[in-house]
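The exercises below are meant to be worked through with the sequence and the coordinates at hand. Each one sets a task and then gives a solution in steps.

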Amino acid sequence: MTTSTTASPGPSAGSAGASASGTSRAGATSAATTGAAATPPSTRGTAPTELGHKARGRAVKDQLARVVMWAAFLLALVPLVWILWTVGSKGYHLLLDAQWWTNSQRGITSRREGGGAVHAIQGTLIQGLTTAAISVPIGILTAIYLVEYGRGRLAKAVSFMVDILTGVPSIVAGLFVYALWVTTFGLQRVGFAVCLALVLLMIPVVVRSTEEMLKLVPNELREASYALGVPKWKTIMKVVLPTAFSGIVTGVLLGLARVMGETAPLLILGPYTKSIATDLFGGLMPTLPTMINQDRTEVLQPAVDRMWASALTLILIVLLLNVAGRVVARFGSVKR
Amino acid sequence: MSSVTGVSLADETPGPHGSAPLSGDGAGTGRLGDRLFGGAAKGAGLLVIALVTLVGVFLLWQAIPALARNDANFLTSREWSVDGAHPRFGIVELLWTTVTVSAIAMLIAVPVGVAVALFITQYAPAWLSRPAASLIDLLAAVPSIVYGIWGLRTFGPVFEPVQGFLQHTLGWIPLFTGAGISGGSTILFVGIVLAIMVLPIVTALSREVFAQTPVTHKEGALALGATRWEMIRTAVLPFGKPGIISASMLGLGRALGETIAVTIILSTLPDGAKWTWSLLNGGETFASRIANNAAEFDTPQKAGAFIAAGLVLFVLTFVVNAIARVVIERRKAFSE
Amino acid sequence: MKIQRLGLLASVAVVGSIALTACGSDNNNGSDAAGGGSSSSSSSDCPTGTLNAEGSSAQKNAIDEAISAFQDTCSGATVNYNPTGSGAGIKQFLAGQVDFAGSDSALKTTEKDGKVEADEAAKYCGSPAWNLPMVTGPIAVAYHVKGVDKLVLTPEVIANIFNGKVTTWNDASIAKINSGVTLPSEPIKVFFRSDESGTTENFTKYLNGAAPSAWTAEPAKSWTGKGEGKEKSAGVAGAVQSTEGGITYAEWSYAKDNKLGIAQIDNGAGPVELTGETVGKAVATAKSDGQGNDLRLKLDYATKEAGAYPINLVTYEIVCSKSKDPAKAKLVKSFLKSFASEQTQKSLEEIGYAPLPDEVRTKVDAAIDALS
């Protein structure tokens with residue numbers, strides 16, 4: 001690998017400014033690749049030859065690309081820093097209060113300060129993990145089917161259906177589960193119904209990302225395993241999945257991040273309650289998104305503070321999961 | 001080609017339709033473990049098909065009675081009155097808003113997202129690469145409701161002068177005529193916010209794919225005298241293209257169906273407002289119109305009309321995905 | 001390997017949430033009252049259990065206060081109220097999802113799309129469903145114009161502003177009724193509720209009732225005028241606050257909390273400022289429209305009574321007169337009784353609602369007693 005120099009002339013410097021660092025490189029490249037090495041050294045100092053022109057153009061382009069990539073990265077950081085700063089600076093002080101982590105909002109109105117978010121944190125964790133427990137196996141198995149087993153019409157159909165599932169708007173998923181759970185079966189709205197709607201949203205994310213990762217596992221690995229007489233399922237479990245592990249974890253976490261922050265289906269299926277509720281199958285279950293949603297329609301300071309604080313809490317939880325996942329991915333992945 | 005490079009997969013990457021990378025059927029030994037595992041994978045695939053079919057049938061079943069009573073042309077009418085014995089509703093406006101919002105989001109998110117992914121995998125110094133990836137992933141950890149609140153309260157006011165400037169200087173283009181909607185709640189602005197939401201999705205997947213580019217390809221390019229940018233253009237990008245398209249589709253799915261952030265930010269227009277092509281106008285996407293009215297679905301006819309809109313969104317995503325599929329297929333055919 | 005790792009991750013998370021559960025507490029009174037919540041739990045008419053209710057967002061702040069007060073006295077009871085909208089409340093009530101519904105309008109007795117709401121509710125309850133007026137709240141016409149602290153509007157002018165016929169603040173029709181006020185020439189920016197809402201319905205009912213010639217559209221939950229739509233009361237109020245020249249309609253508390261200008265309304269008997277008193281006066285003139293304990297109130301929007309603020313909405317709690325579940329019935333009764341009590345009603349005034357007039361309150365009280 002070439003070591004990269006960090007010196008990058010700004011676009012304003014243009015060709016003139018680039019010549020200092022540019023020519024040496026251009027000269028080196030042209031010398032290495034073409035017969036231009038034969039040209040007398042005098043040309044280097046004065047007007048460049050046609051080839052030099054070309055080479056310099058390439059070098060400039062290369063530098064330009066480097067600048068663009070850096071710029072894109074910095075540009076992407078702007079909203080990130082901005083959002084985190086906004087949420088963090090407005091929400092942090094409530095998080096420092098021990099009450100935030102130990103109490104619910106029971107009995108607290110938008111005019112009153114105090115109370116905590118423990119009820120919503122529990123709800124979010126329980127629903128997120130339940131959703132993941134259902135959709136990750138289904139998602140990964142489906143991806144395995146598509147990449148390792150599937151062929152013909154059925155596989156085409158599955159792939160197609162996953163595409164369609166990607167397009168299910170979260171609110172429609174909520175409507176669907178409502179019609180199934182409440183209208184058809186006549187059941188009460190409970191936390192588990194929310195999980196079902198979230199499963200619909202999480203499966204396609206898991207399938208698509210896992211599928212991409214599985215496809216990238218070199219066939220030689222599979223072949224080598226088969227050659228050693230390892231059965232296909234063991235090959236998949238012991239060779240293919242571990243190789244793609246870090247990518248799969250990333251995909252799962254992206255999916256989990258999405259469903260944990262999902263609000264729309266909860267508006268229909270998971271009404272908010274201010275009291276602690278941990279039963280997935282009985283009663284309403286509060287979550288952080290619904291808590292945010294409740295408080296965002298208020299203009300009074302206590303409620304606004306709580307809104308930012310619960311937003312920050314939600315971000316922190318997803319972040320922690322991400323870190324945990326990354327650690328798992330690092331230890332779990334096959335050294336390459 | 002694979003025999004030469006040793007680890008090339010580009011040409012053997014299984015098709016999106018799941019044609020297996022190699023005829024591994026022979027590897028399936030027919031042992032119990034294999035049959036169970038294969039069965040489970042197939043079962044998961046079938047489950048996905050069943051789920052989508054169920055959702056689709058439900059949507060149709062709910063939508064058809066309302067559509068049958070619709071007095072206006074569902075596809076071309078701009079009206080939306082779903083009450084009473086003679087409902088008149090059409091989706092033109094919703095379609096326009098949804099498509100433009102998503103198009104703006106993708107126009108921004110895909111180039112930036114890919115550039116960021118390239119930055120992380122190809123340009124960033126080793127010490128920065130991992131943290132940079134985590135930082136961008138952090139954007140995915142921000143729930144959409146937080147994007148909505150941040151967009152409305154923090155980003156919107158800042159964007160207002162930008163919009164004023166656009167309207168002032170580019171007002172002669174129909175896309176930028178002023179429509180009297182306050183800045184920070186227009187189609188253009190929502191598109192930008194959605195771009196930020198979609199960015200981490202595009203980046204995360206493209207990044208994983210770029211990272212898998214065979215080292216031999218890259219080193220080969222460099223050995224031939226390619227600059228880093230040329231190496232990326234000739235080795236990394238072609239290898240990663242199907243991945244980029246996949247990532248973009250995932251992102252697009254999110255943009256098309258995003259509900260809560262759009263609902264919070266985008267100003268709606270009253271019935272019978274003048275039609276404009278302006279991006280500086282308000283409007284409603286399919287998802288935000290459903291969300292705005294979900295609370296008041298008190299009759300099946302009304303709910304049916306909205307679900308019919310949801311169905312169109314479904315079909316829209318599907319069409320876009322199908323096109324992407326064709327593109328990937330064609331590209332593969334050429335690269336053989 | 002992978003499964004073990006994932007298991008590890010999952011167990012860490014589960015342990016974490018259990019740890020949270022272990023120290024989570026619903027008691028938020030410990031710091032205020034030294035005795036804590038448990039001391040007052042055993043008062044005689046304090047049933048235990050959970051009530052779920054859903055509906056109108058216009059009464060959210062009021063019912064939140066009432067719930068807080070009720071739970072303070074009865075710590076064994078939990079009441080949840082979700083402000084999703086009147087239609088949603090009624091829908092969930094009919095689907096058996098909630099124990100009572102909050103609504104900005106009484107159950108409809110006329111047929112709509114083949115169904116009569118009141119009959120549906122009676123069918124679900126197995127007994128007539130009653131509408132109990134519980135909270136009355138004024139709708140403020142809130143504006144944001146620099147330098148204009150006092151603004152008088154008549155129903156006709158309001159209607160013309162909101163249907164887009166009057167477009168600048170210094171329009172002759174506004175200037176005529178606001179002599180002595182310097183009105184800027186800037187455009188009027190109208191904001192309306194983009195979600196379907198009972199507030200919109202009540203506001204358009206007022207416009208239609210007080211200025212029928214200027215506002216011809218049927219009152220409806222979705223907006224039929226002009227302007228720019230924002231989500232929920234907080235959305236419109238927030239938009240007006242940040243937009244010079246903005247005007248909207250919103251519950252009083254939102255206008256107050258956002259520090260917006262509130263227009264005085266002149267229904268023909270001189271300008272009336274929005275205060276608890278003027279609202280009470282208007283609500284007192286409301287006529288009862290129901291039978292027996294089904295207490296529908298009919299507001300006279302075109303009222304010419306001096307000193308009565310005419311734009312109001314009444315929100316109801318919709319309950320089954322005979323509940324299927326006696327335990328729930330006891331809880332509903334106990335909660336509503338506390339809600340309708342003079343003390344709770346009085347406390348609503350400072351948060352932007354008007355207490356029920358005594359005459360109505362006695363009727364409501366009697367109706368609650370008759371619930372079973």
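**Exercise 1. A helix pair in chain A**

Is the crossing of α8(A) and α11(A) right-handed or left-handed? Describe the geometry of this pair, and then the residues that form its contact.

Solution. The model is a predicted one, and what follows should be read with that in mind. Two packed helices are described by the angle between their axes and the distance between the axes. For helix α8 (residues 191-215) of chain A and helix α11 (residues 245-260) of chain A, the axes come within 8 Å and cross at roughly 160°. Angles over 145 degrees count as roughly antiparallel, and α8(A) and α11(A) are therefore roughly antiparallel to each other. The handedness asked for is right-handed.

The contact itself comes next. On the side of α8(A), the residues include A:L198, A:L201, A:M202 and A:V205, and these belong to a group that meets residues of α11(A) including A:I248, A:V252, A:L254 and A:R258. Sorted by class, this contact of α8(A) with α11(A) has 10 nonpolar, six polar and one charged residues.

**Exercise 2. The surroundings of a strand in chain C**

Determine which strands pair with β10(C), in which sense, and whether β10(C) is buried or exposed.

Solution. Strands of a sheet pair through backbone hydrogen bonds, either parallel or antiparallel. With strand β6 (residues 129-144) of chain C, β10(C) pairs in the antiparallel sense over six bridges, and within this pairing C:A142 has C:T248 as its bridge partner. With strand β8 (residues 189-193) of chain C, β10(C) runs parallel, joined by two bridges, and here C:K189 stands opposite C:G246. As to burial, six of the six residues of strand β10 (residues 246-251) of chain C are buried, so this strand is largely enclosed by the rest of the structure.

**Exercise 3. An open sheet in chain C**

Give the strand order of the open sheet of three strands in chain C, and identify its edge strands.

Solution. The order is β7-β12-β13 (chain C), and the pairing is mixed. The edge strands are β7 (152-153) and β13 (271-272) of chain C, each of which pairs on one side only. Turning to one of the pairings, β7(C) and strand β12 (residues 264-266) of chain C run in the parallel sense over two bridges, where C:V152 has C:Q264 in β12(C) as its bridge partner.

**Exercise 4. Chain B and its contact with chain A**

Summarise chain B, and then characterise the contact between chains A and B.

Solution. Chain B has 11 helices and two strands, and buried residues make up 56% of its 336 residues. The contact takes 95 residues from chain A and 93 residues from chain B. On the side of chain A, helix α3 (residues 50-95) gives the most, with 19 residues, and by class that side has 58 nonpolar, 20 polar and 17 charged residues.

Terms used:
Residues numbered from 1 in each chain as written. Chains lettered and ligands numbered in written order. Predicted model: local features only at pLDDT ≥ 70, side-chain atom pairs only at ≥ 80, totals over all residues. Helix = DSSP H or I, 4+ residues; strand = E, 2+ residues; numbered from the N terminus. Buried ≥ 20, exposed ≤ 12 C-beta atoms within 10 Å, placed from the backbone. Contact = placed C-beta atoms within 7 Å. Nonpolar A, V, L, I, M, F, W, Y, C, P; charged D, E, K, R; others polar. Pairing = 2+ DSSP bridges. Axes fitted to C-alpha atoms, helices over the stretch in contact; angles between N-to-C directions. Parallel < 35°, antiparallel > 145°, perpendicular 65-115°, else oblique. Left-handed = near helix turned anticlockwise from the far one by under 90°.
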